[in-house]
Amino acid sequence: MSLKFFLAGAMYLLCNLAPAQVLDTRVACTLTQLEDGAGERLILSDQARFQLNGTQITEFQWESSVFRTNHGHECSIDMDDGLEAELTDKGWRIRLKDAMAARTKRGYDFDRGFQCSIRLEQEGDALHIKPSCPTLCGSRKNFSALTVDMKTGSCKYDQ
């Protein structure tokens, strides 16, 4: 057997044995707490569906809301916003291809910045969701940062 065929076979085995980064999960989290100061009730609510296979995004939808006694604010992102995925050593980084166009499409008429990056990092059964995406929030600063136990579905908000 020539060295060329041996190397080709070895590369084939290595490539097919390397685990692909795949994420297929749903998130449903709610937290009610008293806000500091005035003692107003604050409700955080997040619903999401993430389905990624390497850098391919099959499904991505996330609604992140904050409700107070007399008003609420939300952030949302979905496939229509022009998403792209990048693999990292811990999971994925999701960003917008054209943040300005996504924000304009939603009709937001005030400047909130044009950055959007959402990190999805797996650590065992834990999925850490780390957003920095003010672009797709109306009058809210950002999506909620949280950690979800993918086995039990329990959530912990990182405040």
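The legends below describe close-up views of one predicted model. Residues are numbered from 1 along each chain as its sequence is written, and side-chain values rest on heavy atoms, with hydrogens and water left out. Because the model is predicted, local features need pLDDT of at least 70 and side-chain atom pairs count only at pLDDT 80 or more, whereas totals for chains, interfaces and linings use all residues.

**View 1. Four strands form an open antiparallel sheet in the order 1-2-3-4.** Strands here are DSSP runs (E, at least two residues), numbered from the N terminus, and two strands pair if DSSP finds at least two bridges between them. Strands of a sheet pair through backbone hydrogen bonds, either parallel or antiparallel. In this sheet of four strands the pairing is antiparallel, and the edge strands, each of which pairs on one side only, are strand 1 (22-34) and strand 4 (72-78). From one strand to the next, the twist averages 0°, where axes are lines fitted to C-alpha atoms and angles run from 0 to 180 degrees between N-to-C directions.

**View 2. Strand 2 and strand 3 pair in the antiparallel sense over 11 bridges.** Strand 2 covers residues 41-53 and strand 3 covers residues 56-67. Among the facing positions, L44 stands opposite V66 in strand 3, and Q47 stands opposite E63, also in strand 3. The hairpin of these two strands has two residues between the strands, and in this hairpin G54 takes a positive phi near 65°.

**View 3. Strand 3 continues through a hairpin of four residues into strand 4.** The two strands run antiparallel and are joined by seven bridges, with G72 in strand 4 as the bridge partner of F67. Strand 4 also holds C75, which is buried, with a relative accessible area of 0% (buried means under 20% relative accessible area, exposed over 50% and partly exposed in between, for a 1.4 Å probe and protein chains only). The C-alpha atom of C75 is separated by 8.9 Å from that of S144, although the two residues are 69 residues apart along the chain.

**View 4. Ring pairs link F50, F60, W62 and F143 into a cluster.** The structure holds three aromatic pairs (rings of Phe, Tyr and Trp, the last by its six-membered ring, pair if their centres lie within 6.5 Å; planes under 30 degrees apart count as stacked, over 60 as edge-to-face and the rest as tilted). The rings of F50 and F60 have centres 4.7 Å apart and planes at 40°, so this pair is tilted; F50 lies in strand 2 and F60 in strand 3, 10 residues apart, and both are buried. The rings of W62 and F143, with centres 4.5 Å apart and planes at 35°, likewise form a tilted pair. This pair links W62 in strand 3 with F143 in the loop between strand 8 (126-132) and strand 9 (146-149), 81 residues apart, and both W62 and F143 are buried.

**View 5. The largest pocket holds about 300 Å³ of space.** A pocket is an open set of points, on a 1 Å grid over the protein atoms alone, where a 1.4 Å probe fits, with protein on both sides within 12 Å along at least five of seven lines, and lining residues have an atom within 4 Å of a point. The largest pocket is lined by 13 residues, of which L44, R140, K141, N142 and F143 are the closest to its centre. Its lining divides into four nonpolar, five polar and four charged residues, with Ala, Val, Leu, Ile, Met, Phe, Trp, Tyr, Cys and Pro counted as nonpolar, Asp, Glu, Lys and Arg as charged, and the others, Gly among them, as polar.

How values were computed: Points joined across faces, edges and corners; volume = space filled by probe spheres on them.
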